[in-house]
Amino acid sequence: MTGSTAASFTADDYRARMERAARTAADAGLAGLLVAPGPDLVWLTGYTPPAVTERLTLLILAAGQDPVLVVPALEAPDAHRAAGAAALTLRDWTDGKDPYAATAALLDTSGRFGISDNAWALHLLALQQAMPGSSYASLTEALPMLRAVKDAAELDLMAAAGAAADATFEEIRDVPFAGRPESEVAADLDRLLRRHGHEQVDFTIVASGPNGANPHHEAGDRVIARGDMVVLDFGGLRDGYGSDTSRTVHVGEPTDEERRVHDIVREAQEAGFRAVRPGAACQDVDRAAREVIAAAGYGEYFIHRTGHGIGVTTHEPPYMIEGEERPLVPGMCFSVEPGIYLPGRFGVRIEDIVTVTEDGGRRLNTTARELVIVE
């Protein structure tokens, strides 16, 4: 089964998001926001163009002004059907006309604008030509927390995505591992995620034996053998909101060292989770997890940040990393995923999505974090 966020949010929800985004942009000293097709446009309007082409589609948000969506005339009927269409004005343009001049007429031509990270250079350069006095900053740079704090309805969707990923893990632990290539187990993960409601699968990492020492290993032809530690990391979008979880399993009985390393990572993941509370800095989560691994003598083998934000994309701000002093706020959702990676031997990673509550944190993944034995 699959779902649609359009059924979950009303035009009023999208209106409130656009108003908040425009206010936040003004508070940041921006003349407005220019939002191209992609996750920001979906989150703000509920609209996904039928195809991403060279024709300009752009949402214009500015404080004190009604939102305007500039769309090609041939796609205007689709835009009118979007869940948030009633909360904005549509301005269509036809082939042979200059959409950039039409867009410039709606803007402060000497202003500084936040623009979607994934906006095409073709469009940005044309806007600069139409408005030589304008300047731009990527949304991630200018408004990194735009989508970071989820409301109650979004948290429900995040929890449902997490539960679907958990159900996938409970089933994958019962499939055969030994004697099968990583790619086959990855295909099982994809199938199970979709069966549990994911409309999009973003990654299915199956990293066995020495491949587990590569955090972003792509499942390949290596045949999983008894005695292998296997890192499983998988997720995607369910009803438009992300899942991402990691568990490390072992094919047959592990060695004492493998159990010890797994226990250290589990303790580090617990420490990172316990550091989650309103007002704590993002880096505090990273520090708490990293301290456990460093104290056990494996600090040099924890080679990535402790976590990343998640929402309508599976990786977005905020990031749980040293130097990120941004405070945690109730409604933020992010991963807590420490790991140890021993080159040429094996790796271990344990990951939950966590949301900040009024007095701490809540895990959106609840499957066992102990080492699971598979066959």
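Start inside: the structure holds one cavity of 30 Å³ or more. (On a 1 Å grid over the protein atoms alone, a cavity is a set of points where a 1.4 Å probe fits but cannot get out, and lining residues have an atom within 4 Å of a point; grid points are joined across faces, edges and corners, and a volume is the space filled by probe spheres set on the points.) Before you go on, note that this is a predicted model, where local features need pLDDT of at least 70 and side-chain atom pairs count only at pLDDT 80 or more, while totals for chains, interfaces and linings use all residues. Residues are numbered from 1 along each chain as its sequence is written, and side-chain values use heavy atoms, with hydrogens and water left out.

The largest cavity has a volume of about 30 Å³. To see its lining, select A36, L56, L58, I115, A119, H123, L124 and L127. By class, that lining has seven nonpolar, one polar and no charged residues. (Ala, Val, Leu, Ile, Met, Phe, Trp, Tyr, Cys and Pro count as nonpolar, Asp, Glu, Lys and Arg as charged, and the others, Gly among them, as polar.) Helix α5, residues 121–130, gives the most to this lining, with three residues. (Helices, H or I with at least four residues, and strands, E with at least two, are DSSP runs numbered from the N terminus.)

Next, pick helix α7 (residues 152–172) and helix α8 (residues 182–195), which pack at an angle of about 135 degrees with their axes 9 Å apart. (Axes are lines fitted to C-alpha atoms, for helices over the stretch in contact, and angles run from 0 to 180 degrees between N-to-C directions.) So α7 and α8 are oblique to each other. (Under 35 degrees counts as roughly parallel, over 145 as roughly antiparallel, 65 to 115 as roughly perpendicular and the rest as oblique.) Where do α7 and α8 meet? Show A165, T168, E171 and I172 in α7 against V185, D188, L189, L192, L193 and R195 in α8. (Contact means heavy atoms within 4.5 Å.)

Now for another pair: helix α9 (256–274) and helix α10 (282–295) pack at about 155 degrees, with axes 7 Å apart. That makes α9 roughly antiparallel to α10. Colour I264, E267, A268, A271 and G272 of α9, then V285, A288, A289, V292 and I293 of α10, to see the contact. It has eight nonpolar, one polar and one charged residues.

Two backbone stops to finish. Most residues other than glycine have a negative phi, and most peptide bonds are trans. D239 has a positive phi of about 50 degrees although it is not a glycine; look for D239 in the loop between β8 (229–238) and β9 (241–242). Then zoom to the peptide bond from P317 to P318, which is cis with omega near 5 degrees. P318 sits in strand β12, residues 316–320.

Key. On a 1 Å grid over the protein atoms alone, a cavity is a set of points where a 1.4 Å probe fits but cannot get out, and a pocket is an open set with protein on both sides within 12 Å along at least five of seven lines; lining residues have an atom within 4 Å of a point.
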